[in-house]
Amino acid sequence: MAAARSALASAGRAANEAVSFVVFMLLDALELLLCLLYKVADYVAEGAWRPCYCSSSAVAAPGKIVVAERGGSKVVSMLSSTKLLLEDVSDTLYTRPSLLAGAAGSSSPPSFSRRREKARPSASATTLTVHSAIVQILRGKAAGAGDDEHKPYPSPRWSDCHCANCNPADADRLFVHVEGPHDGGDTEEDVLFIHGFISSSGFWTETVLPHVSREARARRRLFAVDLLGFGRSPKPADSLYTLREHVEMIERSVIERYKVGAFHIVAHSLGSILALALAVKYPAAVRSITLVAPPYFPVPKGEMGTQYVLRAVAPRRVWPAIAFGASVACWYEHLGRTVSIVLCKHHRLWELAFRVFTLYRVRTYLMDGFFCHTHIASWHTLHNIICGSAGKIDKCLEAVRDQLTCGVTIYHGGDDELLPVGCSYAVQSKIPRANVKVIDGKDHVTIVVQRQRELARELEEIWDTKR
């Protein structure tokens with residue numbers, strides 16, 4: 001019987017691989033067609049040719065964009081005083097070999113190259129060639145009003161939703177849901193909730209927060225943010241949605257605005273990476289860290305970290321379904337944009353149809369999070385945070401282990417098919433004091449959504465623990 005089950009499992013894996021190869025070959029061909037269609041559509045709608053990441057085109061960083069090297073980091077400076085470390089940009093944005101390219105024996109050249117020029121007194125200057133899609137965004141940032149030479153991306157773009165919720169009037173701060181005294185005068189500490197990828201603050205405000213006890217609320221303010229590019233927060237078309245940008249927006253919108261002192265962090269999935277980066281930045285203020293399904297993949301020696309994480313998160317398999325969805329989101333820029341146009345641009349129509357179909361008996365907060373984002377936000381966040389953090393997250397984990405004394409608790413669903421339980425145990429291997437709790441029968445979402453009462457109670461116990 002055991003031999004039969006093993007043979008059946010092997011046959012299933014072989015069938016999955018065979019079907020996946022055919023399906024993704026077809027998707028590769030569809031991606032090429034969509035690339036051409038969107039170039040024409042963007043030119044008609046926005047009056048400019050827009051480069052994309054599926055090409056290997058690269059141009060020098062000219063004009064208003066100055067590239068210099070300081071302290072071993074390549075820095076892009078613009079007239080607006082905005083700076084971007086090129087190391088913040090994941091190479092998986094533009095180096096994603098297709099199955100078609102692999103079958104043809106071709107590979108895309110790297111989009112960054114460098115040639116040394118004369119050194120300057122303040123910094124060793126370099127000339128870099130940067131992928132044209134990145135340069136286009138940087139040019140848009142640097143371009144002033146009336147600059148017709150380099151038209152910035154309109155925000156929102158023609159392919160994005162134009163409703164008020166998706167385009168808030170305050171473009172400088174995130175949407176923050178706050179419960180408790182706003183002045184913080186009567187609170188001992190605060191709690192910051194950070195959602196995961198393609199989600200919103202509703203993931204917490206509609207699940208866990210209603211079950212936090214009155215006693216816990218009396219002593220703490222509860223903050224739940226919509227991350228940059230998601231929910232009711234700004235969705236700038238000229239952002240690369242790097243780890244640095246996400247963290248700085250959380251600082252500006254929550255920590256500085258509400259004068260947060262001591263605080264706990266609760267984060268789900270992708271939000272775990274932001275939580276660790278934030279904790280390292282405020283080591284004396286963080287009282288506890290709770291991570292739910294953290295996306296941590298230790299990179300074996302000899303592997304390129306970003307590419308390894310890309311293959312781990314998006315294995316280009318049709319089954320399980322969640323792996324197929326992740327693969328489409330990670331590997332196909334234009335197919336992802338098509339999905340965004342169909343679902344996100346028309347999210348109000350889909351939400352109304354769902355309410356009517358369910359006779360208004362089912363709450364739609366998960367749909368709100370899934371639909372309310374732009375493709376530029378989701379595409380760059382996915383690559384620059386999930387894949388691009390491959391090297392950074394190790395340093396964050398080591399800093400939490402060595403520099404922070406707060407408790408670290410990790411929850412993971414035993415049936416999580418997107419991120420394996422091994423991700424949480426890998427975090428524990430870096431932070432031995434971390435307490436890993438595997439919840440049987442729960443997956444990547446139901447680890448929170450179907451046990452909100454229990455999680456609220458467990459969180460209160462964590463917050464009350466004195467270290």
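1. Helices (H or I, at least four residues) and strands (E, at least two) are DSSP runs, numbered from the N terminus.

2. This is a predicted model, in which local features need pLDDT of at least 70 and side-chain atom pairs count only at pLDDT 80 or more, while totals for chains, interfaces and linings use all residues. Residues are numbered from 1 along each chain as its sequence is written, and side-chain values use heavy atoms, with hydrogens and water left out.

3. β8 also pairs in the parallel sense with β9 (residues 220-225), over six bridges, and in that pairing D190 stands opposite R221.

4. Six of the six residues of β8 (residues 189-194) are buried, that is, under 20% relative accessible area with a 1.4 Å probe, protein chains only.

5. Strand β12 (residues 407-413) is largely enclosed by the rest of the structure, because seven of its seven residues are buried. β11 (residues 286-292) runs parallel to β12 and is joined to it by five bridges, with V408 as the bridge partner of I289.

6. β12 pairs in the parallel sense with β13 (residues 435-439) over five bridges, and N435 in β13 is the bridge partner of T409. The chain crosses from β12 through helix α15 (residues 422-430) to β13 in a right-handed β-α-β crossover, meaning that, with the strands pointing away from the viewer, the path from the first strand over the helix to the second runs clockwise.

Conventions. Buried < 20%, exposed > 50% of the residue type's maximum accessible area, 1.4 Å probe, protein only. Pairing = 2+ DSSP bridges.
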